[in-house]
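Me: I'd like to go through this model with you. Can we start with the pockets?

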Amino acid sequence: MDLKQIFKTPNPIIGVVHLQPLPTSPRWGGNLKAIIGRAEQEATALASGGANGIIVENFFDAPFAKDSVDPAVVSAMTLVVERLTNLVTLPIGINVLRNDAHSAIAIASCTGAQFIRVNVLNGIMATDQGLIEGQAHQLLRYRRELGSDVKIFADVLVKHGRPLGSPNLTTAVQETIGRALADAVILSGWTTGSPPNLEDLELASAAAGEVPVFIGSGASWENVSTLMQAADGVIVSSSLKRNGRIEQPIDPIRVSQFVEAARRSFSQKEREQENIETNGLRGPTPEPGKVSRF
């Protein structure tokens with residue numbers, strides 16, 4: 001997958017629009033118009049702040065269904081995504097939590113969204129929703145049936161979950177790409193707002209080869225310059241919210257600050273790569289992260 005073709009940059013910064021509780025969720029407030037309005041405000045904040053893409057997520061629908069969501073959720077998310085595609089020119093992705101990739105790819109295919117995020121594409125993860133089993137074989141066939149070119153960004157050993165057994169990170173990345181056919185892989189910390197460590201990102205990038213690797217959680221303007229040395233792109237949410245609080249709306253000033261910090265790291269990475277190619281020398285190595293969780 002050519003990130004530059006989709007995002008107009010080889011190192012995209014993708015912001016997340018967390019939708020307020022949707023119909024049938026426990027905290028649904030009965031006002032879909034207000035949900036759409038907030039989503040439009042946040043998408044505008046991401047676009048004006050310099051983000052390269054957006055993921056729309058039913059984040060506040062917790063507790064989540066393990067697999068298939070209610071049709072009302074699919075309908076509401078389709079309405080939101082349709083509005084956003086007419087509002088901003090950024091590429092849009094979809095994540096239907098907890099793991100309804102079929103609905104996500106259906107919404108994307110019908111609205112013109114370019115990618116989806118799948119928390120568990122292959123393997124089995126023990127989560128607070130129970131055991132979630134990847135359905136890559138069904139999802140890839142469904143994409144073909146739809147005649148769709150929607151890209152699949154797949155988490156590897158996803159946050160808020162534990163794998164059955166003790167898998168090797170390198171093997172997990174290689175199988176997600178080689179056997180489950182993910183177009184890009186995502187590496188997160190253990191929970192929302194916690195970053196992966198640098199060692200794990202380096203292992204994942206080495207295992208992924210030419211397939212893009214994204215930071216999936218915990219990136220902030222303070223740590224993105226270090227983390228991006230071993231990743232191709234970043235998906236960010238909490239750090240962009242007002243006061244850094246997950247329940248608050250996206251703050252366009254924080255978006256701009258994050259984008260500026262990330263772009264500085266991209267420039268440094270490019271300079272170091274040019275140095276290696278020209279002189280066979282490697283630039284300064286960032287301080288190592290905390291001990292790997294694998």
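Me: What volume does the second largest pocket have?
Reply: About 310 Å³. This is a predicted model, where local features need pLDDT of at least 70, side-chain atom pairs count only at pLDDT 80 or more, and totals for chains, interfaces and linings use all residues. Residues are numbered from 1 along each chain as its sequence is written, and side-chain values use heavy atoms, with hydrogens and water left out. A pocket here is an open set of points on a 1 Å grid over the protein atoms alone where a 1.4 Å probe fits, with protein on both sides within 12 Å along at least five of seven lines; its volume is the space filled by probe spheres set on the points, joined across faces, edges and corners.

Me: Which residues lie nearest its centre?
Reply: Phe59, Leu97, Lys159, His160 and Thr192, out of 19 lining residues (those with an atom within 4 Å of a point).

Me: Switching to H5, which residues are buried there?
Reply: In helix H5 (residues 136–146), Ala136, Leu139, Leu140 and Arg143 are buried, meaning under 20% relative accessible area with a 1.4 Å probe, protein chains only. Helices are DSSP runs of H or I, at least four residues, and strands are E runs of at least two, numbered from the N terminus.

Me: Why do they line one face?
Reply: Seen down the axis of H5, they fall within an arc of 95°, so they sit on one face. The arc uses directions from the helix axis to the C-beta atoms.

Me: What covers them?
Reply: Helix H4 (101–111), strand E4 (115–118) and strand E7 (151–155) are among the elements that do.

Me: And what comes just after H5?
Reply: Gly147, with a positive phi of about 65°.

Key: Buried < 20%, exposed > 50% of the residue type's maximum accessible area, 1.4 Å probe, protein only. Contact = heavy atoms within 4.5 Å.
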